[in-house]
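I opened the notebook for a quick tour of this one. My plan is to begin with a term, then work through whatever I looked up.

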Amino acid sequence: QVQLVESGGGLVQAGGSLRLSCAASGSFFDINAMAWYRQAPGKQRELVASITSSGSTNYADSVKGRFTISRDNSKNTVYLQMNSLKPEDTAVYYCHAHAILVVTTQEALDAWGQGTLVTVSS
(Lines give C-alpha, C1' and ligand atoms only; values in the text may rest on other atoms or scores of the structure.)
Protein backbone atom coordinates (compact mmCIF):
# COMPACT_ATOMS: atom_id res chain seq x y z
CA GLN A 1 0.00 0.00 0.00
CA VAL A 2 2.90 2.34 0.76
CA GLN A 3 6.45 1.85 -0.42
CA LEU A 4 9.39 4.03 0.54
CA VAL A 5 12.63 4.13 -1.42
CA GLU A 6 15.66 5.93 -0.02
CA SER A 7 18.67 7.15 -1.93
CA GLY A 8 21.69 9.37 -1.45
CA GLY A 9 23.74 7.48 1.11
CA GLY A 10 27.44 6.91 0.67
CA LEU A 11 30.91 7.59 1.97
CA VAL A 12 31.95 11.12 2.81
CA GLN A 13 34.76 12.75 4.75
CA ALA A 14 34.13 14.60 7.98
CA GLY A 15 32.90 18.10 7.26
CA GLY A 16 31.31 17.07 4.00
CA SER A 17 27.68 16.95 2.96
CA LEU A 18 25.13 14.46 1.72
CA ARG A 19 21.52 14.77 0.67
CA LEU A 20 19.18 11.86 1.30
CA SER A 21 15.93 11.41 -0.57
CA CYS A 22 12.92 9.24 0.13
CA ALA A 23 10.07 8.82 -2.32
CA ALA A 24 6.73 7.32 -1.34
CA SER A 25 4.54 5.43 -3.74
CA GLY A 26 1.48 3.22 -3.55
CA SER A 27 -2.19 3.58 -2.77
CA PHE A 28 -2.99 6.11 -0.07
CA PHE A 29 -4.88 9.33 0.46
CA ASP A 30 -2.11 11.37 2.00
CA ILE A 31 1.07 11.22 4.03
CA ASN A 32 0.75 13.56 6.96
CA ALA A 33 4.17 13.03 8.48
CA MET A 34 7.57 11.84 7.33
CA ALA A 35 10.77 11.34 9.23
CA TRP A 36 14.33 10.14 9.12
CA TYR A 37 15.67 7.67 11.66
CA ARG A 38 19.14 6.23 11.95
CA GLN A 39 20.74 3.24 13.56
CA ALA A 40 24.46 3.16 14.27
CA PRO A 41 26.38 -0.07 14.91
CA GLY A 42 25.53 -1.41 18.35
CA LYS A 43 22.94 1.31 18.94
CA GLN A 44 19.16 1.47 18.88
CA ARG A 45 17.31 3.24 16.13
CA GLU A 46 16.77 6.91 16.90
CA LEU A 47 14.75 9.73 15.43
CA VAL A 48 16.87 12.22 13.50
CA ALA A 49 14.29 14.62 12.07
CA SER A 50 10.61 14.75 11.26
CA ILE A 51 8.29 16.96 9.26
CA THR A 52 4.51 17.24 9.10
CA SER A 53 2.38 18.01 6.09
CA SER A 54 2.09 21.59 7.32
CA GLY A 55 5.86 21.97 7.42
CA SER A 56 6.52 21.73 11.14
CA THR A 57 9.92 20.20 11.82
CA ASN A 58 11.67 18.56 14.72
CA TYR A 59 15.33 17.60 15.09
CA ALA A 60 17.46 15.55 17.39
CA ASP A 61 19.76 17.76 19.45
CA SER A 62 22.80 16.11 17.93
CA VAL A 63 21.96 17.30 14.42
CA LYS A 64 20.41 20.71 15.04
CA GLY A 65 22.07 23.38 12.94
CA ARG A 66 23.65 20.82 10.64
CA PHE A 67 20.77 18.83 9.15
CA THR A 68 17.69 20.14 7.39
CA ILE A 69 14.59 18.11 6.62
CA SER A 70 12.28 19.22 3.84
CA ARG A 71 9.32 17.82 1.97
CA ASP A 72 7.80 18.07 -1.47
CA ASN A 73 4.17 17.17 -0.90
CA SER A 74 3.37 17.09 -4.60
CA LYS A 75 5.96 14.35 -5.07
CA ASN A 76 5.47 12.65 -1.71
CA THR A 77 9.19 12.95 -1.20
CA VAL A 78 11.18 13.89 1.87
CA TYR A 79 14.79 15.04 1.90
CA LEU A 80 17.50 15.26 4.51
CA GLN A 81 20.29 17.70 3.79
CA MET A 82 23.23 16.78 5.98
CA ASN A 83 26.04 19.29 6.34
CA SER A 84 29.16 19.36 8.49
CA LEU A 85 29.02 15.61 8.84
CA LYS A 86 30.82 13.97 11.72
CA PRO A 87 32.04 10.39 12.16
CA GLU A 88 29.36 9.89 14.80
CA ASP A 89 26.74 10.46 12.09
CA THR A 90 27.72 7.13 10.58
CA ALA A 91 24.63 4.93 10.53
CA VAL A 92 21.99 3.33 8.40
CA TYR A 93 19.37 5.99 7.75
CA TYR A 94 15.74 4.94 7.42
CA CYS A 95 12.83 6.84 5.97
CA HIS A 96 9.51 6.66 7.78
CA ALA A 97 6.05 7.78 6.73
CA HIS A 98 2.68 7.93 8.43
CA ALA A 99 0.15 7.44 5.67
CA ILE A 100 -3.60 7.95 5.65
CA LEU A 101 -5.02 5.19 3.50
CA VAL A 102 -8.74 6.00 3.60
CA VAL A 103 -9.81 9.51 4.43
CA THR A 104 -13.38 8.63 5.45
CA THR A 105 -12.30 6.14 8.10
CA GLN A 106 -8.85 7.58 8.82
CA GLU A 107 -7.32 4.19 8.28
CA ALA A 108 -3.57 4.67 8.50
CA LEU A 109 -0.29 2.84 8.62
CA ASP A 110 3.38 3.39 9.29
CA ALA A 111 5.81 2.54 6.51
CA TRP A 112 9.58 2.11 6.58
CA GLY A 113 12.16 2.24 3.86
CA GLN A 114 14.92 -0.31 3.45
CA GLY A 115 17.62 2.02 4.75
CA THR A 116 20.62 3.69 3.17
CA LEU A 117 24.11 3.60 4.65
CA VAL A 118 25.92 6.81 5.49
CA THR A 119 29.58 6.47 6.40
CA VAL A 120 31.57 9.49 7.56
CA SER A 121 35.33 9.05 7.71
CA SER A 122 37.57 11.03 10.03
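Predicted model: local features only at pLDDT ≥ 70, side-chain atom pairs only at ≥ 80, totals over all residues.

**Entry 1: the disulfide**

A disulfide joins Cys22 to Cys95, with 2.1 Å from S to S. I counted the disulfides and got one. Next I looked up its handedness: the torsion about the S-S bond of Cys22 and Cys95 is about -85°, so this disulfide is left-handed. Cys22 sits in strand 3 and Cys95 in strand 9, so the pair ties together parts that lie 73 residues apart in sequence.

**Entry 2: the core**

Which residues have the most contacts inside the largest nonpolar core? I found Leu4, Met34, Trp36, Leu80, Met82 and Tyr93, in a core of 32 residues. I then went through the strands: among those that each supply at least two residues of this core are strand 1 (2–7), strand 4 (30–39), strand 7 (67–72) and strand 11 (116–121). Strand 9 gives the most, with six residues.

Setting aside its neighbours within four places in sequence, I listed its contacts as Gly16, Ser17, Leu18, Leu20, Arg66, Phe67, Tyr93 and Val118.

Leu18 stands opposite Met82, which belongs to strand 8. Strand 3 and strand 8 pair in the antiparallel sense over six bridges.

What is the order of its strands? I read 1-3-8-7 for this open sheet of four strands, with antiparallel pairing. Strand 1 and strand 7 are the edge strands, each pairing on one side only. I noted an average twist of 15° from one strand to the next.

I went on to strand 4 and strand 5, which pair in the antiparallel sense over six bridges. Trp36 stands opposite Ala49 of strand 5. The two strands make a hairpin with six residues between them, and Gly42 in the turn has a positive phi of about 75°.

Ala49 has a partner in strand 6 as well, and I identified it as Tyr59. Strand 5 and strand 6 (residues 57–59) pair in the antiparallel sense over three bridges. Their hairpin has four residues between the strands, and here I found Gly55 with a positive phi near 100°.

**Entry 3: Ser54**

Last stop: I looked at Ser54, which lies in the loop between strand 5 and strand 6. Is Ser54 buried or exposed? Its relative accessibility is 63%, so I put Ser54 down as exposed; the cut-off for that is over 50%.

I also looked for side-chain partners, and a polar contact of 2.9 Å joins the side chains of Ser54 and Thr52. Finally I took a distance to Val118, one of the residues in contact with Met82. Ser54 and Val118 are 64 residues apart in sequence and 28 Å apart in space, C-alpha to C-alpha.

Note on methods. Residues numbered from 1 in each chain as written. Heavy atoms only, no water. Core = buried A, V, L, I, M, F, W, Y, C linked by side-chain atoms within 4.5 Å. Buried < 20%, exposed > 50% of the residue type's maximum accessible area, 1.4 Å probe, protein only. Contact = heavy atoms within 4.5 Å. Pairing = 2+ DSSP bridges. Axes fitted to C-alpha atoms, helices over the stretch in contact; angles between N-to-C directions. Polar contact = N/O pair within 3.5 Å; in protein donor to acceptor, adjacent residues only side chain to side chain. Disulfide = S-S within 2.5 Å.
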